[in-house]
Amino acid sequence: MDVHIVNFTTVVEFLLLGFPDLVDYKLPLFSTILLIYCMTMCENVIIIFLVSTSQRLHSPMYFFLGHLALSDIIVVSSIIPKMLDIIIMEGSVISFAACFAQFYFYGGTVCAECFLLTAMSYDRYLAICKPLHYISLMSQNLKYSLILSSWGLSFMLDFLSLTLVCGLDFCGPNVIDHFFCDFAPLLELSCSDTTSVSIEMIVLSFPIILLPFLFIVTSYIFIFIVIFGISSTSGRQKTFSTCSSHLVVVSTYYGSMLVIYMVPYRGHSLTLNKFISLVYIVLTPFINPMIYSLRNKEIQSAVMKYLKVYGGKKHF
């Protein structure tokens with residue numbers, strides 16, 4: 001495999017190494033990730049289908065959940081197919097354009113998930129803290145505005161980060177010791193001064209990561225105040241169950257992301273960075289639908305309804 005490592009020549013492709021330490025286990029790893037990918041796609045497509053077609057799931061909470069499932073589909077589809085190629089081929093070349101396209105769609109969708117989780121926390125805040133005014137406050141206009149702004153603002157901000165990284169010079173080497181084109185490994189390969197880009201990316205992370213996180217934390221502080229103020233134990237449990245799934249997803253999502261982007265990339269943390277990225281990209285979209293479905297009676301009822309309908313037709 002040709003690897004361009006000549007200095008002062010423009011890099012036209014990158015070599016993604018993937019998991020060189022796991023070459024002896026590439027078939028089990030490939031099979032496991034392929035299986036999880038297929039199941040993730042099925043789970044999230046089912047969530048989108050149920051939210052789109054079931055009358056019981058037309059509330060704003062499920063509307064946001066459908067878009068969260070869509071974002072999970074985009075994340076895994078932008079990374080995992082190429083990752084499988086990297087695993088089976090023990091490294092794979094990706095063109096300059098494809099690398100930055102992957103960087104853009106992955107980054108934009110991650111940003112969108114931050115804003116979608118924020119919108120979901122605001123929805124839960126209104127439903128629990130202002131139940132009498134919930135319908136009027138969470139109007140159709142607000143619901144669609146939150147969705148459009150989540151997707152639109154995400155890809156606009158990510159376009160700024162793409163512009164910053166594309167403005168760097170890449171003159172070799174071109175080997176990325178990772179399984180996808182992430183910000184940190186790309187920065188390491190640049191022969192430009194990356195100090196200003198790193199600072200600008202930190203500034204961009206405030207409206208993308210920090211502000212949504214603070215908003216979610218603040219929302220849940222008010223939610224917990226209301227929950228603890230409920231006199232009956234059953235009432236507290238019932239109210240908490242309406243937001244527990246979202247809280248688990250938020251904890252998993254932000255926990256993984258903070259470790260990925262706060263632990264230094266260089267040196268001994270490289271393996272840890274890959275592992276946490278693998279958990280975040282492969283496992284999180286896989287378990288999200290299960291977290292929302294296992295304790296959600298409305299989703300379970302919608303699934304049973306379709307099983308009975310299609311099961312009855314098949315039997316007939």
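My entries on the rings follow.

Entry, ground rules. I am working with a predicted model, so to speak: local features need pLDDT of at least 70, side-chain atom pairs count only at pLDDT 80 or more, and totals for chains, interfaces and linings use all residues. Residues are numbered from 1 along each chain as its sequence is written, and side-chain values use heavy atoms, with hydrogens and water left out.

Entry, pairs. I paired rings of Phe, Tyr and Trp (its six-membered ring) if their centres lie within 6.5 Å; planes under 30 degrees apart are stacked, over 60 edge-to-face, and the rest tilted. That rule gave me 25 aromatic pairs. I looked up Phe96 and Phe170: the pair is edge-to-face because the centres are 6.0 Å apart and the planes stand at 70°. The two residues are 74 apart in the chain, with Phe96 in helix H3 (residues 96-129) and Phe170 in the loop between helix H5 (140-166) and strand E3 (175-176). Helices (H or I, at least four residues) and strands (E, at least two) are DSSP runs, numbered from the N terminus.

Entry, exposure. I took buried as under 20% relative accessible area, exposed as over 50% and partly exposed as in between (1.4 Å probe, protein chains only). Phe96 is partly exposed at 26%, whereas Phe170 is buried at 6%.

Entry, cluster. I found Tyr104, Phe105, Trp151, Phe155 and Phe159 linked into a cluster by ring pairs.

Entry, charge. The charged end of Lys143 sits over the ring of Phe63, 4.6 Å from its centre (NZ of Lys or CZ of Arg within 6 Å of the ring centre and within 35 degrees of the ring normal).
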